[in-house]
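Hello,

Please find the structure we talked about below. My notes on it follow.

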Amino acid sequence: MESKIMKPVLAVYVGLFILFLYGPFIVLGIISFQQGPEGGPQFPIIEWSTYWYRHLFGMVPPSRIAPLPVGDALIRSLTLAFMTMVTATVLGVMAAQAFRKHFRGASVVFYLIVLGMMVPGVLTGLGISLLSNNVIGIDRNWWSTAFVAHVVYTFPFAFLVMLAILNRFDASVEEASWSLGVSPITTFRKVTFPLIFPGVLSAMLFAFTLSFDEFPRTLFASGRDQTLPLAIYGTFSVEIHPNIFAFGVLTTLFSFALLAVYGILMALSVRRAKRMAMQEDIA
Amino acid sequence: MSAPSTNRQKSHSFQLLAPGVVWMILFLVAPIMMIVYVSFWTQTTFAINPTLTLDSWRNFFSSDAYVGALWTTIRLWLIVLTLTFLIGYPAALFVGLLVKSKTVATVLLVLCVIPFWTSFLIRVLAWRPMLGREGAINILLQKAGLIDSPIEVLLFSELSVIIGMTQIYVVFMVGPIAFMLGRIDRNIIEAARDLGAGFGRIFWKIIFPLSLPGVVVGAIFVSVMVLGEFATSGALSGRKVNLLGNIIVTQVGTLKWAMASVAGVVLTILLGIVVAGFLRIVDLKREI
């Protein structure tokens, strides 16, 4: 009886809750169309314009507001995210594969890996910069120290995703392949890998997006050359302009594009799996 | 199974695990050990040397600014944790339990996750035009005639940090709770209802206890992230709110590695206590 009142009330509440989640996002989108270069990052909108988008690409006459230093930073971030994605996914698949058999110390290893996503970035970053700066005495760089920190963070995600996939995996197909004399490596390539591919894709998506947006670890562990989040952080201390919001809108669209690619690859692999199953039925 | 093949399998899984384990030991365990070690090093103005001393520890606990940062961290963590729970639980209740169709529930969860595809830092920055003197909230409230002059404390205060953090982290509370609520066997609730239990009684006797593991997981997520924060407090408080994370950043910025390490160790201990405390409430291994 009471839940009959409860449900509509909570439905309205969830609507408000989603508005709360999206509020800043909506404001960000609106202000990115603020008039420039005089219009600041606040209301009201003086006049709607795409000035700040053109400003990002250097398509407006120079003004007192310097363009965001994002060009090189973007390339660095994409490279770093790609390196991290490959390494974290390979490590994640290997570790999850090992966890299919019981071994002594499994829970210790499990917690060791999961620790990587639980330890706050500020601590991992501080530790790695201490180690490289004061002990080994090497320079910190986005492609070295920041890279290892990114893998520490994303490898656990890839591992957990793969573990979830492999838990539901039917091992009898592998056994069939082995019993037919196919070597374990070929079996993995031809039988196991195609079956776990959707999981691998998800692990890659996780690792890429987490690394691309990673900030605290990078702040400590990368050197002079900035990645994208560091370039954005650099604008915190000085006055902010709507160009940062225009940039936010563009990076969000880029993320959606990435998500779309993931969705397409996923759909393709599901369809291929279905087709193969059908061929088997016919045979 | 014959002995040689078992051995081969053992070495096989060892080879699979070794790279990941070595990576974590070298780049996670060793760095954290390093923080503990360096916190006892001797700090001079611009350099640091490995002569062991307790100076940095003494300085930390005799300074009002540093001890204050510790208390601010704990206070903000408690406030944000409570708010994410209070705001997140009803939403999770709706998504996980009251929505009958799985599709609607999935759509709602995806809607909650979409904002995460905007850069974390830009999401934080977006609160500035929202909360400022001439921000969206003040304008809306003034238009509605609820206030005469803009509310000043909204931005660059502890309140703005709390609002920003709650919005960013509340989803990490909703997810695990909704997941646990979704696993509740509806027949139990039906049975209780048939026996004449009201919604309040069903909630406190059945729903809430069964969702507790989700609450604990969500609380651990939120706590770990809030305790290690420094960007939100830096961007939305105008340097008025200093957390342990902010101390670490400023100390490293001025090459005071030993002091940064002390703050790091204090943060690690705090985190350890909090996570261990939550794990005592619920035995996660048994529940999941």
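This is a predicted model: local features need pLDDT of at least 70, side-chain atom pairs count only at pLDDT 80 or more; totals for chains, interfaces and linings use all residues.

A definition to begin with: helices (H or I, at least four residues) and strands (E, at least two) are DSSP runs, numbered from the N terminus.

Residues are numbered from 1 along each chain as its sequence is written, while chains are lettered from A and ligands numbered from 1 in the order in which they are written.

Chain A

Chain A has eleven helices and zero strands. Its C-alpha trace spans about 75 × 65 × 45 Å along the principal axes. The radius of gyration (taken over C-alpha atoms) is 24 Å for chain A, whereas a compact globule of 283 residues would have one near 19 Å. That globule rule is 2.2 Å times the number of residues to the power 0.38.

A residue is called buried if 20 or more other C-beta atoms lie within 10 Å of its own, exposed if 12 or fewer, and partly exposed in between, with C-beta atoms placed from the backbone. Buried residues make up 40% of the 283 residues in chain A. Two residues are in contact if their C-beta atoms, placed from the backbone, lie within 7 Å. Of the contacts in chain A between residues at least 6 apart in sequence, 76% join residues at least 24 apart.

Chain A is divided into domain 1 (2–56) and domain 2 (72–240), with bounds that come from an automatic or database domain assignment. The C-alpha centres of domain 1 and domain 2 of chain A are 34 Å apart.

One helix pair in chain A

Helix 5 and helix 6 of chain A pack at an angle of about 145°, and their axes are 10 Å apart. Axes here are lines fitted to C-alpha atoms, for helices over the stretch in contact, and angles run from 0 to 180 degrees between N-to-C directions. The crossing of helix 5 of chain A with helix 6 of chain A is right-handed; a crossing is left-handed if the near helix is turned anticlockwise from the far one by less than a right angle, and right-handed if clockwise.

On the helix 5 side of chain A, the residues that meet helix 6 are Gly121(A), Thr124(A), Gly125(A), Ile128(A), Ser129(A) and Ser132(A). Their partners in helix 6 of chain A are Thr145(A), Val148(A), Ala149(A), Val152(A) and Tyr153(A). This contact divides into five nonpolar, six polar and no charged residues. Ala, Val, Leu, Ile, Met, Phe, Trp, Tyr, Cys and Pro count as nonpolar, Asp, Glu, Lys and Arg as charged, and the others, Gly among them, as polar.

Where the chains meet

The contact between the chains takes 68 residues from chain A and 66 residues from chain B. Helix 1 of chain A gives the largest share of the side of chain A that touches chain B, at 19 residues. That side of chain A divides into 51 nonpolar, 13 polar and four charged residues.

Chain B

Chain B has 14 helices and two strands. Its radius of gyration is 24 Å, well over the 19 Å that the globule rule gives for 288 residues, so chain B is more spread out than a compact globule. The C-alpha atoms of chain B fill a box of roughly 85 × 70 × 30 Å along the principal axes. Of the 288 residues of chain B, 44% count as buried.

Helix 12 (residues 244–253) of chain B has eight of its ten residues buried, so it is largely enclosed by the rest of the structure. Among the buried ones are Leu244(B), Ile248(B) and Val252(B). The cover over the buried residues of helix 12 of chain B includes helix 5 and helix 9 (216–221) of chain A, along with helix 3 (64–98), helix 11 (231–236) and helix 13 (257–281) of chain B.

Back to phi

Most residues other than glycine have a negative phi. Leu255(B), in the loop between helix 12 and helix 13 of chain B, is partly exposed because it has 14 C-beta neighbours inside 10 Å. Phe156(B) also has a positive phi, near 55°, and sits in the loop between helix 7 (136–143) and helix 8 (158–182) of chain B. Phe156(B) is buried, because 20 other C-beta atoms lie within 10 Å.

Regards
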